[in-house]
Amino acid sequence: MVNELPVVVVGAGPIGLAAAAELRERGMNPLVFERGATAGAAVGEWNHVRLFSRWAELIAPAARRLLESNGWSGPAENTYPSGQDWVNDYLMPLAKALGEDVVVLDTEVVGVARRGRDRVVNAGRDSEPLSVHLRYGDGSEDRVLARAVIDASGTWGAPNPLGGEGLPALGETAAAAVIDYRVPDLDDDTVRARYAGKHTVIAGSGHSALTAIIALAEVAKNAPGTRLTWVLRRGEVGSTFGGGETDQLPARGALGQRAEQALDAGLLTVVTGFRTAAIQPTDGGRYTLVSDAGRRIEDVDRVLVLTGFRPELSWLSEIRLGLDPVLQAPVELAPLIDPNVHSCGTVYPHGARELSHPEPDVFLAGMKSYGRAPTFLAMTGYEQVRSIAAAIAGDQESAHRVELTLPDTGVCGGAGVFDDPDADTANNGGAGYGRAPQQQLITLGTAAPARG
């Protein structure tokens, strides 16, 4: 009877909806719960950002088949969508094709457990269904039983703090009014006014930081008095700008080149080896950033903290997860994606086996499966859920088969190139398997194909 229950998918973003399409194609009953009011709600929060992946890399195969069977005609494959395009032209039509009985909006998953058992009890963990606890938008609660759970909720809601220790810097909470943890929409005049003529510190070394640098450099060109300081925890800029023309995702390479041009033009100052310990208010209404070593960055008006994201795991407390103690990724996956080891962003083949946990039939997929590893492509997530759906259906041959090769970043230089484990993560896309170096599709970009 357990096999007759639905497979619950948490999150109606790109990976969650792709999972639902894969499950439906295999004759299973997916049930997707989305906390937001629309499909792709998290993507909608960065709708002004353009991806650095083409449409061809942003549409899951099973999702395409479902959409086309409903008369959908996809966008031109070689163009680069914005976040808003991704939502309007793909995610919302996909949710509609799956149906309102499958994609349930305004519903938060607040807990998952084994029916009638907390995490301490051994008996029945391989036979009892999973119990998924829900909170609806009106505050009412419910639970549903599931044969399996795929957590594709992402990491967008849990940005890393400014503090160099992984905890908020001293004074960071009190300074919240001048700190942003997302790439700002500088096409909005109100938002632009917060930065024009001001001194902004950009903290982070990933694609979101590069995107912000490019956008703020344009502000600096046109608004006298605008100052930009780019803070890196690593000791040198090194390969931060990426592979340029050697990147197999051309828009990703162009993003780094444009940011480097802003630096060469003198539009920003770079401070390396700076791990923030405190942010202190000054008498003039500005702030001072202080490093562990006592270095100071004075007269700061605003801070952009673009240091990546981390998984929210509290609502999975009654599930037996097998997570790496460093990355908070599944233990079998962590060695394959550890940025302290894989300097080229290399990701070796992985699927349902590497994404499994001691708790049967529970999987973390998409960006959340990478824990605190820095970069992730949508293509990866699509291949993950293809493998997971096959495993749940009992098709182990397909589950173990690798069906994806990732684009080379063009960056390589020995272990430690990505020596900042808090480098930007951003959230949208996917990579997959294969030995090709990857720097995955989920990193923010700008209006000149950027995010991927």
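This report looks at one helix, the nonpolar cores and some salt bridges of a predicted model.

**Helix α4**

Let's start with α4, which covers residues 83-98. With 16 residues at 1.5 Å each, the helix should span 22 Å, and its end C-alpha atoms lie 21 Å apart, so the two values agree. Along the way there is a kink of about 30° at leucine 91, shortly before proline 93. Just after the helix, glycine 99 adopts a positive phi of about 105°.

Which residues of α4 are buried? They are Gly83, Trp86, Val87, Tyr90, Leu91, Leu94, Ala95, Ala97 and Leu98. Their cover includes α1 (14-25), α3 (61-69) and α10 (378-392).

**Nonpolar cores**

Two α4 residues, Trp86 and Tyr90, return here: they are among those with the most contacts inside the largest nonpolar core, which has 94 residues. Ile150 is another of these. Leaving aside neighbours within four places in sequence, isoleucine 150 touches residues including Val7, Leu23, Phe363 and Ile392. Apart from that core lies another, of 18 residues, with Val112 and Ile319 among them.

**Salt bridges**

The structure holds 18 salt bridges, and three of them are shown here.

| Pair | Closest N to O |
|---|---|
| Arginine 302 and aspartate 180 | 3.1 Å |
| Glutamate 354 and arginine 353 | 2.9 Å |

Arginine 302 in strand β16 and aspartate 180 in strand β9 are 122 residues apart. Arginine 302 is buried at 10% relative accessible area, and aspartate 180 is buried too, at 19%. By contrast, arginine 35 is exposed at 58%, while glutamate 108 is partly exposed at 26%.

Technical notes: Residues are numbered from 1 along each chain as its sequence is written. This is a predicted model: local features need pLDDT of at least 70, side-chain atom pairs count only at pLDDT 80 or more; totals for chains, interfaces and linings use all residues. Side-chain values use heavy atoms; hydrogens and water are left out. Helices (H or I, at least four residues) and strands (E, at least two) are DSSP runs, numbered from the N terminus. The expected span of a helix is 1.5 Å times one less than its number of residues. The bend at a residue is the angle between axes fitted to the seven residues ending there and the seven starting there. Buried means under 20% relative accessible area, exposed over 50%, partly exposed in between (1.4 Å probe, protein chains only). Contact means heavy atoms within 4.5 Å. A nonpolar core is a set of buried Ala, Val, Leu, Ile, Met, Phe, Trp, Tyr and Cys residues joined through side-chain atoms within 4.5 Å. A salt bridge is a side-chain nitrogen of Lys or Arg within 4 Å of a carboxyl oxygen of Asp or Glu.
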